[in-house]
Amino acid sequence: MQESLKIASDNYVAFTFFIGTMAMMAASVFFFFELNNTPQKWRTSVLVSGLITFIAAVHYYYMRGYNLETGDSPTFFRYVDWILTVPLMCVEFYLITKKAGAKIGLLWKLIFASLVMLVTGYFGETIYVQNSVLWGVISGAAYFYIVYLVWFGEVAKLAQTAGAQVAKATKILGWFVLVGWAIYPLGYILGTPGGLFGIQLVADKAAATHAMDIVYNIADAINKIGFGLVIYALSRSED
Ligand SMILES: *C/C=C(C)/C=C/C=C(C)/C=C/C1=C(C)CCCC1(C)C
């Protein structure tokens, strides 16, 4: 057993779990320590950035160990992580548009859509794998609703009236949602049987799972840390 706990140099899955843990920890320390010299009105936003990477750091620490010991994909804790952190990203949108008049209803819409997106994705990955395409499509619809809200809906409209810096930050966060978040369905397609409307991209089951974990790990690092840094940059702007 002890022998298998070493990360082999060609074990890219375990390696990205390890790097992911380290990156999330470092980002959390950074956001938390920077709170002290963050202007009062941005403090909650930067705190939430730190909470997102901190929650991810704890999950990555666990997932890293789980993957190393069992060789399996830690799907359940992956989704527990997302169900906690994605709604917190919705909170970020709400917080930065609040001064332009964002209502709590907007926050609930974003959170509800993100929960639908994640719960249906979990169904497709675990309980109803045979219908992974159907669940993936439902999840995708909820995803596009979030994209719509951020790019053309309430979030976009409020951001326009919240000052140049908030508008700029919202645009960049919008790109994270449109491009960065779109990496996840790619991992899902690689990892589930017949994921691409019945087409199996990676035939070998173990290889498919590995590809999925690597894609998810890269996406998490980009999206959680990148998202937090955009908020951090906003907190340092003149607005
Ligand atoms: C920090 C974690 C983040 C930002 C996770 C985001 C996850 C998604 C945007 C997942 C989306 C999915 C689809 C759009 C369809 C297939 C199933 C999912 C859940 C992978």
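**Ground rules**

I numbered residues from 1 along each chain as its sequence is written, and I used heavy atoms for side-chain values, leaving out hydrogens and water. The model is predicted, so I needed pLDDT of at least 70 for local features and 80 or more for side-chain atom pairs, while totals for chains, interfaces and linings use all residues.

**Entry 1: largest pocket**

I started with the pockets (on a 1 Å grid over the protein atoms alone, a pocket is an open set of points where a 1.4 Å probe fits, with protein on both sides within 12 Å along at least five of seven lines; lining residues have an atom within 4 Å of a point). The largest has a volume of about 540 Å³, volume being the space filled by probe spheres set on the points, which are joined across faces, edges and corners. I found 26 lining residues, with Gly136, Ser139, Gly140, Tyr184 and Pro185 nearest the centre.

Next I looked up which helices (DSSP runs of H or I, at least four residues, numbered from the N terminus) are involved. At least two lining residues come from each of α3 (75–98), α4 (104–127), α5 (132–151), α8 (183–191) and α9 (205–235). α5 gives the most, 7 residues. By type, I get 18 nonpolar, 6 polar and 2 charged; here Ala, Val, Leu, Ile, Met, Phe, Trp, Tyr, Cys and Pro count as nonpolar, Asp, Glu, Lys and Arg as charged, and the others, Gly among them, as polar.

Pro185 also turned up in a distance check: its C-alpha is 9.4 Å from that of Gly195, 10 residues away in sequence. Gly195 is in the loop between α8 and α9. Its relative accessibility is 10%, so I put Gly195 down as buried (buried is under 20% relative accessible area, exposed over 50%, partly exposed in between; 1.4 Å probe, protein chains only).

**Entry 2: second largest pocket**

This one comes out at about 360 Å³. It has 20 lining residues, and Ser73, Gly191, Lys205, Thr209 and Met212 lie nearest its centre. The largest share, 6 residues, is from α9. The lining splits into 7 nonpolar, 9 polar and 4 charged.

**Entry 3: surface patch**

I noted a nonpolar surface patch of Ile7, Phe15, Phe18 and Ile19, with about 350 Å² of accessible area together. Patch residues have over 30% relative accessible area and no salt bridge, and nonpolar side chains (Val, Leu, Ile, Met, Phe, Trp, Tyr) are joined within 5 Å; areas are Shrake-Rupley with a 1.4 Å probe. Ile7 sits in the segment before α1 (12–34) and is partly exposed at 34%.

**Entry 4: salt bridges**

My search of the whole structure gave 6 salt bridges (a side-chain nitrogen of Lys or Arg within 4 Å of a carboxyl oxygen of Asp or Glu). Arg78 pairs with Asp213, closest N and O atoms 2.7 Å apart. That pair links α3 to α9 across 135 residues, and both partners are buried.

I then checked Glu154 and Lys109, which meet at 2.4 Å, N to O. Glu154 lies in α6 (residues 154–160) and Lys109 in α4, so this bridge ties together parts 45 residues apart in sequence. Glu154 is partly exposed at 31%, and Lys109 is partly exposed at 33%. Last item: shared partners join Arg78, Asp81, Asp213, Asp220 and Lys224 into one salt-bridge network.

Key:
Patch = residues over 30% accessible without salt bridge, like charges linked within 9 Å, V, L, I, M, F, W, Y side chains within 5 Å.
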